[in-house]
Amino acid sequence: MPGAVSGTAPWGDLVAAALLGTERRVPPVPVRPGQDAAAGLLDAAALSTVTRRAGLRPAAPWALPGPAPEDPRPPLPRAARRRLGLLLADRSSPGQSGSRAAPDLTELLPQWLAIANRHGYGAPAALLPALLDTARARTDLRPEVLTFAGPRGLWLARLNPDWKFALRGSAGRGAAAGAAPPESAGPEATEKLWQEGLFAERVALLAAMRHRDPAAGLALLASTWATERAEDRLMFLDSLRDELSQQDEPFLEQALSDRSRNVRATAAELLSALPDSALAARMAERSRAYVTLERADGRGAAPRIAVEAPSGCDSGMQRDGIVAKAPSGRGQRSWWLGQLVEATPLARWTEWFHGRTAEEIVALPVADDWQADLHAAWCRAAVRQRDTAWSRALLGAPAEPPTTPVGTGDAVLAAATLTASWRDPAKLLAALPPEERAVWVAEFIAAHGLSDAFRLLGVCAVPWSEPLGRAVVDALDIARDAGSYPWSFSGVMGLAERCLDPAQADRLEVLTATRDEPEDGSPGAVGYWSETFQRLVATLRLRATMRSELEPVETTDRAAP
């Protein structure tokens, strides 16, 4: 027993004597003839320790984990496996690759994982711990890492609490590989996984079911909806977004009465994305009462849009997702109006405004300084409804200033400023086809430079098209000739390293030469620019090598799993 051992002092007294020292406290132990007090204390401590250990009862044995599941996916080619090891080894020292002209390997890992997952490779078992450690440190990598790790990664994550992120939350999409039963699985296996699986497995199962049979996936969710936690209901509800259809409307209408405010808001958002839903119709009727078209009169006045914002937010509006309390700095009435217009099907405006196109409606003047609020709501509606025509109209021409005020005066300029602050070109661009998106951003950069282009570039397809890549490189070259510091464009340069077509590396070689320092330039900027372009070219060539290493090869060149 830990308190005292027969023939010795209590363990706490021995520890106290040892801490204070035998010169300051006489140890409570018998001392043999010729033995000093310190030796007697140590002998007593040793005897007490052995006795206490001998008296311990054996602990219950830990249950051994079951065998890891098989991963049927093909293994990586040998060269790709070696490359992955290098990329993971570099994760502990990001940005410290030596020379400033050397590629940053940590920034290439996301692209490597995406290509490997497109090819359907399975992760090497020996590298699973390093992959999970990487995903633990970088949340942006978790979906791709967990897809690549597959069922064995999920199995391993259950054995280490440091990797619990793989079993919940954002791991749901990444864990889809191996988490959902195959199409041939019977309803019993599906029901068992839905009732007993980890949260990540259930999210993956719901996503797979919705992709194969949206109605069956919705029925599966409805079977346990009333017993799910609020945060889980929110995640499950959000998983309906990709395969959303009119068949989901009855379920979403019921979710408008959910106990959780976030669940109610998400249900209202999804319903408003269904133009034929009852909620969209209710929102449209409300908007029609507050936003009207004033016809041209006989005195030459052009048609214009008149706005009369709602004076209150009743219970029906709140049930349909209208948030009653405005954020700080926003007027209540404009706040309610914006939410109503945002949830109104955009096609209704063409109907109400006598067949005018989106471009013609956006060009109409708006009375009483309501243009900023109305256009901001239309922008959000275009993004939510993924409407290409309205997104194109609200974006305008890329060479024009971001906001073109209609009219004059301080009030108009203030409204234009508010419109610019609400307008999000990056989100509007996402509704355009990839080719049109790239052309728009290229023309925007040619007209306005790179200062406001970072987020726009982020929504363009990778690799960038040739016109877009040329516009970015030309703008960087112009910035160098102007004597600007290269670190002012580090964000765009980082995107260029990851998104430019690797085939452009040879053409960019000429930019790596060191030029003479201009008399009015920033000291040292020329050398930095040269190293920056050298790093760009080296990164593009490394990306080309990585891509070739991941190409399928003969089975004799496969790495062992």
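What percentage of the 561 residues of the protein count as buried? In this predicted model, 43% of the residues fall into the buried class, and the protein is built with 29 helices and two strands. Its accessible surface comes to about 28800 Å², and carbon and sulfur atoms hold 55% of that area. When contacts with a separation of 6 or more are considered, residues 24 or more positions apart account for 70% of them.

**Packing of α9 with α10**

- Helix α9, which covers residues 187–196, packs with helix α10, which covers residues 199–212, at an angle of about 140°, and the two axes are 8 Å apart. That angle makes α9 oblique to α10, and the crossing of this pair is left-handed.
- On the α9 side the contact is made by Thr-190, Leu-193 and Trp-194, while α10 contributes Glu-201, Arg-202, Leu-205, Leu-206 and Met-209. By class, the residues of this contact divide into five nonpolar, one polar and two charged.

**Two contacts of α20**

- Helix α20 (residues 371–385) packs with helix α17 (residues 332–342) at an angle of about 35°, with their axes 8 Å apart, and the crossing of α17 and α20 is right-handed.
- From α17, the residues Ser-334, Gly-338, Gln-339, Val-341 and Glu-342 meet Asp-373, Leu-374, Ala-377, Trp-378, Arg-380, Ala-381, Arg-384 and Gln-385 in α20. The contact of α17 with α20 has five nonpolar, four polar and four charged residues.
- The axes of α20 and helix α21 (residues 388–395) come within 9 Å and cross at roughly 140°, an angle that makes α20 oblique to α21; the crossing of α20 and α21 is left-handed.
- In this contact, α20 supplies His-375, Trp-378, Cys-379 and Ala-382, and α21 supplies Trp-390, Ser-391 and Leu-394. The residues of the contact of α20 with α21 divide into five nonpolar, two polar and no charged.
- Trp-378 of α20 takes part in the contact with α17, and Trp-378 is also listed in the contact with α21.

**Helix α27 and what covers it**

- Helix α27, spanning residues 490–499, is mostly covered, with seven of its ten residues buried. The buried residues are Val-492, Met-493, Gly-494, Leu-495, Ala-496, Glu-497 and Cys-499.
- The elements that cover these buried residues include α25 (454–458), α26 (466–481) and α29 (525–549).

- Ala-525 lies in helix α29, which is among the elements covering the buried residues of α27. Ala-525 has a relative accessible area of 4%, and because a residue under 20% counts as buried, Ala-525 is placed in that class.
- The C-alpha atoms of Ala-525 and Gly-483 are separated by 6.9 Å, although the two residues are 42 residues apart along the chain.
- Pro-103 is located in the loop between α3 (78–89) and α4 (109–119). With a relative accessible area of 16%, Pro-103 also falls under the 20% limit and is therefore buried.
- Pro-103 and Leu-542 are 439 residues apart in sequence, while their C-alpha atoms are 8.1 Å apart in space.

Terms used: Residues are numbered from 1 along each chain as its sequence is written. This is a predicted model: local features need pLDDT of at least 70, side-chain atom pairs count only at pLDDT 80 or more; totals for chains, interfaces and linings use all residues. Side-chain values use heavy atoms; hydrogens and water are left out. Axes are lines fitted to C-alpha atoms, for helices over the stretch in contact, and angles run from 0 to 180 degrees between N-to-C directions. Helices (H or I, at least four residues) and strands (E, at least two) are DSSP runs, numbered from the N terminus. Angles under 35 degrees count as roughly parallel, over 145 as roughly antiparallel, 65 to 115 as roughly perpendicular and the rest as oblique. A crossing is left-handed if the near helix is turned anticlockwise from the far one by less than a right angle, and right-handed if clockwise. Contact means heavy atoms within 4.5 Å. Ala, Val, Leu, Ile, Met, Phe, Trp, Tyr, Cys and Pro count as nonpolar, Asp, Glu, Lys and Arg as charged, and the others, Gly among them, as polar. Buried means under 20% relative accessible area, exposed over 50%, partly exposed in between (1.4 Å probe, protein chains only). Accessible areas come from the Shrake-Rupley method with a 1.4 Å probe; for residues, only the protein chains shown count as cover.
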